[in-house]
Structure formats: structure tokens, C-alpha cells
Amino acid sequence: KESLAILSDQDMLTFDVDSLEYDMIVIKGVSSVSPLEGLRTFPGKMKILNSPNLTSLAGLGALVSIGGLTIKENDALTDINTLSQVEVIEGDLNIEKIANISSVSFPNLREIQGDLRIEQNGDLSSLYMPKLEAISGSLSIRDNKALTYFDFPSLNTIGGTFYLQANPDLENFDCPYLQTIGKDLLVQENTNLYYLSGLSGANIGRDLIVSLN
């Protein structure tokens, strides 16, 4: 198996969704991913990067499982909630540096078998994953300037470190059933966060560091 680069709308139009035998697909410089319509499972990783004219992820609405997903530096993207059918990510989920997205919701996502990174999304104000039970790796929620609240009402386990850092408008969050943080909990530079009541039942495997909140 090998990697595939889709670097233009023309590349995307000639892409055969029925012949996905790649470890990784990198998509850059496109205005639409609609030719991926009907894709339900992909065991490899997909990266959607640096596409300044991409406004939505219409075309990925049927996706249920994927080996890893990165969505990064797509300045015109305002909505990723097309991914509402995703249940399992067999690797990392990265949502980073998307300037104009206001909410992230994965209503059916149950398991992330790698890391979850929500970082440097300037307009992101809400984050909601109601069925997410387990993150095998680390959880990083960092540098989201407009984030005021997030909710993981079913989350039980974080295998690695929980990084909650530099979200200056964050006032509260809720992880009522979180029992295990395998490594460290770092809560830093969230200047409007006064309470950690959303983590009242969690066992922390290593260090708890709380500073500059």
C-alpha cells in the first residue's frame, strides 16, 4: 500500500472512490470533496489540508469509520458536522487551525483509538461528542480563543495525557463519567475557568498540574 495525493479539483474528479487501497490520502488545494460521496469505511488515514476554497465536507456524510482523520488550515471551512455518522476512528482525530468554524459535533462517535486534538480554532465556541466513551491516546484542547464550553457526557477513559491549555474564554466543561486519565492532567492558562467540577470522579495516573487559570 502507498499514499495518494489529491492536489486539485481535477485530481478529485478523477478519483475512484471504489478503489481505496492506500495507507494515506492527502487532500490539498480543493474546493470540494463531493466525489467522495458514498464512502463508508477507509482503513487508512485521511488528511484534508490547506484548501482555502473548501467551505464544507459534503461528500463525507456516509463515513462511519476511518483509520485517522486530520482537518487542518482550511480557512473557508465553516462546518464539519457533515461527519455526523462517524462512529470509530482507528487512529488520531485532529481538528486544527480552522479559523472560521464555530462548533464541532460528532454525535455518533464512540471511540478514538489514538489522540484527539482540538487546537488553534479561532472561532470555535462549542465542542460536543455525546457518545464518545474512550480515547486510547491523549486529549488535547488547546488555544481555542472563543471556546466557552465543551461536553463529553459519556467519556470514561483517556489513555494518555489530558491537555486543557490556553482557552481564555473557557468557563466550564463537563466530563461527568470520566474515570481514568492514564498519564497527566494539565490545566493551564484558561483564564476564565474557576472550577474543575467537570472532572470530579477522575483518577489521574501521574501528575496533576493546574496553573494560571
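Buried means under 20% relative accessible area and exposed means over 50%, with partly exposed in between. Keep those cut-offs in mind as you browse these close-ups, which all come from a predicted model.

**View 1. Glutamate 73 and lysine 97 meet in a salt bridge.** Let's start with glutamate 73, whose relative accessible area is 27%, so this residue falls between the two cut-offs and counts as partly exposed. The N to O distance between the two side chains is 3.9 Å. This pair links distant parts of the chain, with 24 residues separating the partners. Glutamate 73 lies in the loop between strand E4 (65–72) and strand E5 (88–89), while lysine 97 sits in the loop between strand E6 (93–96) and strand E7 (103–105). The model's count of salt bridges comes to six, and two further examples follow.

**View 2. A salt bridge joins glutamate 87 to arginine 110.** Here the closest N and O atoms are 3.5 Å apart. Once again the pair connects distant parts of the chain, 23 residues apart: glutamate 87 belongs to the loop between E4 and E5, and arginine 110 to the loop between E7 and strand E8 (111–112). Glutamate 87 is partly exposed at 32% relative accessibility. Arginine 110, with a relative accessible area of 36%, is also partly exposed.

**View 3. Aspartate 115 and arginine 117 take part in a salt-bridge network.** The side chains of aspartate 115 and arginine 117 meet with an N to O distance of 2.9 Å. Salt bridges with shared partners bring Asp92 into one network with Asp115 and Arg117. Have a look at the accessibility of the pair: aspartate 115 has a relative accessible area of 18% and is therefore buried, being under the 20% cut-off. Arginine 117, at 25%, is partly exposed.

**View 4. Strand E6 pairs with E4 and with E9.** E4 and E6 run parallel and are joined by four bridges. Strand E9 (residues 116–119) also pairs with E6 in the parallel sense, over four bridges. Leucine 93 of E6 is a handy landmark here: leucine 69 stands opposite it, and its bridge partner in E9 is leucine 116. Both faces of E6 are covered. Leu93 and Ile95 are buried on one side, and Asn94 and Glu96 are buried on the other.

**View 5. Asparagine 121 reaches the backbone of isoleucine 95.** Asparagine 121 is found in the loop between E9 and strand E10 (126–128). With 0% relative accessibility, asparagine 121 counts as buried. Its side chain comes to 3.1 Å from the backbone oxygen of isoleucine 95. Leaving out residues up to four places away in sequence, the residues that asparagine 121 touches include Ile95, Glu96, Lys97 and Ile98, along with Ile101, Asp143, Asn144 and Lys145.

**View 6. Phe150 and Phe152 sit in the largest nonpolar core.** This core has 60 residues, and Phe150 and Phe152 touch the most other members. To follow the surroundings of phenylalanine 150, set aside its neighbours within four places in sequence. Its contacts then include Leu127, Ile141, Phe162, Leu164 and Leu170. Asn172, Phe173, Asp174 and Cys175 are also in contact with phenylalanine 150.

Notes: Residues numbered from 1 in each chain as written. Predicted model: local features only at pLDDT ≥ 70, side-chain atom pairs only at ≥ 80, totals over all residues. Heavy atoms only, no water. Salt bridge = Lys/Arg side-chain N within 4 Å of Asp/Glu carboxyl O. Helix = DSSP H or I, 4+ residues; strand = E, 2+ residues; numbered from the N terminus. Buried < 20%, exposed > 50% of the residue type's maximum accessible area, 1.4 Å probe, protein only. Pairing = 2+ DSSP bridges. Polar contact = N/O pair within 3.5 Å; in protein donor to acceptor, adjacent residues only side chain to side chain. Contact = heavy atoms within 4.5 Å. Core = buried A, V, L, I, M, F, W, Y, C linked by side-chain atoms within 4.5 Å.
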